[in-house]
Amino acid sequence: MVPSILSLSIPFLAACSALFASTEARPHRRQGSSASPNFLAAYTVPLSNGTDALPSPVAGTSLKALTLGRGTQNYTCADSTANSVPVSIGAVATLFDASPLLPFLPPMEGQEVLDMLPSYLVSFPYAALENSSLPVKGHHFFNSAVVPIFDLTSTGVGLLVGSKVGDIAAPTGSTPGPNGIGPGAVDWLALGAADGSSGLAEGYRVFTAGGKPPKTCEGQAPTIEVQYGAQYWFYG
């Protein structure tokens, strides 16, 4: 469900103010700027949807990046009839650094506020988000072998070539799409590091909003792009 502006807490509004400050107000957009490690250390990835849970981060790893992903989940249709179902061909997303928001958030409310943001982001115009002052931490895409890639090398974090190790449904009541309309929220995932990874051992996709395809291809184009938002947590 998309939160009403009237229901938003003061910390949430402060975070959004920082998140969506225009480039006119903040013309020098930072690339991958991070909050103090002390702020990141106070946060742990949510693992449970209320019924099932993803595996915990491997012992000895620590949180390297906390990001907000915004992009599209992409699908193809063999034809435009109800006899065909959309087939996933991956996703494309920009990973925005969430750590600059953390100093705005009281410790007891920070996680709750962060968990609201993907539902807000999926309804926010993507072009405006691209022009916001929130630093870009990296990019998410799929390679030619349809393997998920998380490239945070430009900000010195690392590269994760994802290998799925956990998959649970998004919680009941998750935002189904922009403005609360859509087929549903994609699953929460835990990803291990496959060959080619560097600097990162694990990644998590949680608090998803949108991203699921229509149930069938009836009336659909050959390629479908479904808007989505999510939290992405990276450990190494």
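I looked up the fold and found eight strands closing into an antiparallel barrel, in the order β1-β2-β3-β4-β5-β6-β7-β8. From one strand to the next the twist averages 30 degrees. I took strands (E, at least two residues) and helices (H or I, at least four) as DSSP runs numbered from the N terminus, and pairing as at least two DSSP bridges between two strands.

The model is predicted: local features need pLDDT of at least 70, side-chain atom pairs count only at pLDDT 80 or more, and totals for chains, interfaces and linings use all residues. Residues are numbered from 1 along each chain as its sequence is written, and side-chain values use heavy atoms, with hydrogens and water left out.

I checked β7 (residues 202-210) against β8 (residues 223-235): seven bridges join these antiparallel strands. Gly 210 has Tyr 228 in β8 as its bridge partner.

Next I looked up the largest pocket, whose volume is about 370 Å³. A pocket is an open set of points on a 1 Å grid over the protein atoms alone, where a 1.4 Å probe fits, with protein on both sides within 12 Å along at least five of seven lines; lining residues have an atom within 4 Å of a point. The volume is the space filled by probe spheres set on the points, which are joined across faces, edges and corners. Of its 20 lining residues, Gln 73, Ser 88, Phe 142, Leu 189 and Arg 205 are the closest to the centre. I noted that β2 gives the most to this lining, three residues.

Key: Axes fitted to C-alpha atoms, helices over the stretch in contact; angles between N-to-C directions.
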